[in-house]
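Subject: Structure handover

Hi there,

Here is the structure I promised to send over. Have a look at it first, and then read on for what turned up.

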Amino acid sequence: MNIAIIGAGNIAGNMARTLRGMKARGQNVELYAVASRELAKAQAFAEAEGFQKAYGSYEEMLKDDGIDLVYVATPHSHHAEHMKLCLEHGRAILCEKAFTGNARQAEEVLALAKEKGIFVAEAIWTRYMPWRQMVLELLDSGIIGEPKVLTGNLAYSMENKERVYKPELAGGALLDLGVYTLNFASMIFGDDVERMESTVQMMSSGVDLTENISLYYRDGRSAHVVSSAAARMDRRGLVSGTEGYLTVNNVNNPTVIEVFDSNDQLLKHVEVPEQITGFEYQVEACMKALAEGKLECYEMPHSEILYIMRQMDALRAQWGMVYPFD
Ligand SMILES: NC(=O)c1ccc[n+]([C@@H]2O[C@H](COP(=O)([O-])OP(=O)(O)OC[C@H]3O[C@@H](n4cnc5c(N)ncnc54)[C@H](OP(=O)(O)O)[C@@H]3O)[C@@H](O)[C@H]2O)c1
């Protein structure tokens with residue numbers, strides 16, 4: 001499968017490393033092309049990361065019929081525009097999270113993809129990784145009794161990053177980090193949320209710095225998550241049940257799962273299989289879905305992409321936070 005990347009930035013490098021690792025272990029992936037707004041940058045990236053072709057314009061690259069899948073690795077504010085460009089050129093897409101800047105943009109992209117019959121997936125990597133099934137099986141086994149409450153946090157010191165502080169780049173902690181904690185809650189407790197409460201600390205630029213979000217489910221369970229671009233936290237996720245609790249070491253990349261009883265005695269310590277970077281699972285999911293002629297990945301179906309985008313829109317509405325493109 002020939003993979004092309006739009007945007008030769010930070011995360012594009014991580015994807016390149018992943019693809020090299022997949023290729024090295026014999027998987028059918030080719031580091032085919034990269035496009036940057038600047039040809040010299042694309043050429044330097046292609047050379048450093050091992051891509052066959054470099055383009056100085058996104059559109060020019062998308063005309064290349066050799067491409068099987070485009071990884072969109074630009075800021076969230078530009079995902080909709082860049083995905084539409086891919087769709088206009090008939091290219092299948094794996095787009096970085098947050099899927100778009102708002103739900104309206106997500107609806108437009110998915111409607112266009114449906115109309116054209118083209119595959120689109122969101123690169124929210126935690127959805128595709130083995131930990132998810134492992135945690136759900138442990139919870140189903142009844143090892144912590146009845147799961148009742150979930151907590152999680154994801155926070156890094158990144159408020160000085162342009163992509164994070166600028167409203168026009170869809171900045172803020174929510175779309176960068178909160179998207180993972182909301183997905184963590186959604187994967188474990190589902191989406192039957194009756195009410196959502198939140199408090200926020202804003203940056204002077206008008207985007208969210210730190211937020212505390214509580215989701216109250218119709219069946220009486222609740223999830224309480226924190227995201228912040230101010231300072232690093234421990235990134236742990238915890239599911240608490242009537243007879244114990246389960247933790248994951250990092251809601252952004254859960255690699256260690258531990259189960260404790262109600263007396264804090266460790267019952268189980270489980271580690272996920274060794275990873276290249278963890279990005280390989282989303283690439284594999286796209287390869288499988290494409291081979292089966294599907295238009296979405298079952299791990300993150302379009303309905304779930306829209307659910308999370310609408311949830312983030314609703315939170316921003318609670319905070320009176322508006323992006324220029326809303
Ligand atoms: N999955 C993860 O773990 C993870 C981690 C970090 C980020 N991400 C996601 O990946 C995406 C990109 O993040 P990043 O950290 O890689 O960002 P970044 O380093 O700032 O790179 C973004 C790239 O987008 C391109 N771009 C196009 N239009 C732009 C504009 N108007 N302003 C700035 N850049 C523009 C640029 O590439 P050219 O100059 O080459 O055109 C730039 O290098 C975001 O959606 C982010 O949420 C995911």
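Predicted model: local features only at pLDDT ≥ 70, side-chain atom pairs only at ≥ 80, totals over all residues.

Residues are numbered from 1 along each chain as its sequence is written, and side-chain values use heavy atoms, with hydrogens and water left out.

Ala 8 places a backbone N or O atom 2.9 Å from an oxygen atom of the ligand, and Glu 96 has a polar side-chain atom 3.4 Å from a nitrogen atom of the ligand. On its own the ligand has 890 Å² of accessible area, of which the protein covers 84% (Shrake-Rupley method, 1.4 Å probe; for residues, only the protein chains shown count as cover).

The shell holds 22 residues, and the closest are Ile 11, Ser 36, Lys 41, Tyr 58 and Lys 97; a residue is near if one of its heavy atoms lies within 4 Å. By type, the shell has 9 nonpolar, 8 polar and 5 charged residues (Ala, Val, Leu, Ile, Met, Phe, Trp, Tyr, Cys and Pro count as nonpolar, Asp, Glu, Lys and Arg as charged, and the others, Gly among them, as polar).

Why does the ligand lie between domain 1 (2–126) and domain 2 (131–272)? Both domains give residues to the shell around the ligand, so it lies between them; the bounds come from an automatic or database domain assignment. α4 gives the most to that shell, with 3 residues (helices, H or I, have at least four residues and strands, E, at least two; both are DSSP runs numbered from the N terminus).

**Backbone points**

The peptide bond from Lys 97 to Ala 98 is cis, with omega near -20°. Ala 98 belongs to the loop between β5 (93–96) and α5 (103–116).

Arg 235, in the loop between β10 (222–228) and β11 (237–241), has a positive phi near 70° although this residue is not glycine.

Best wishes

Note on methods:
Polar contact = N/O pair within 3.5 Å; in protein donor to acceptor, adjacent residues only side chain to side chain.
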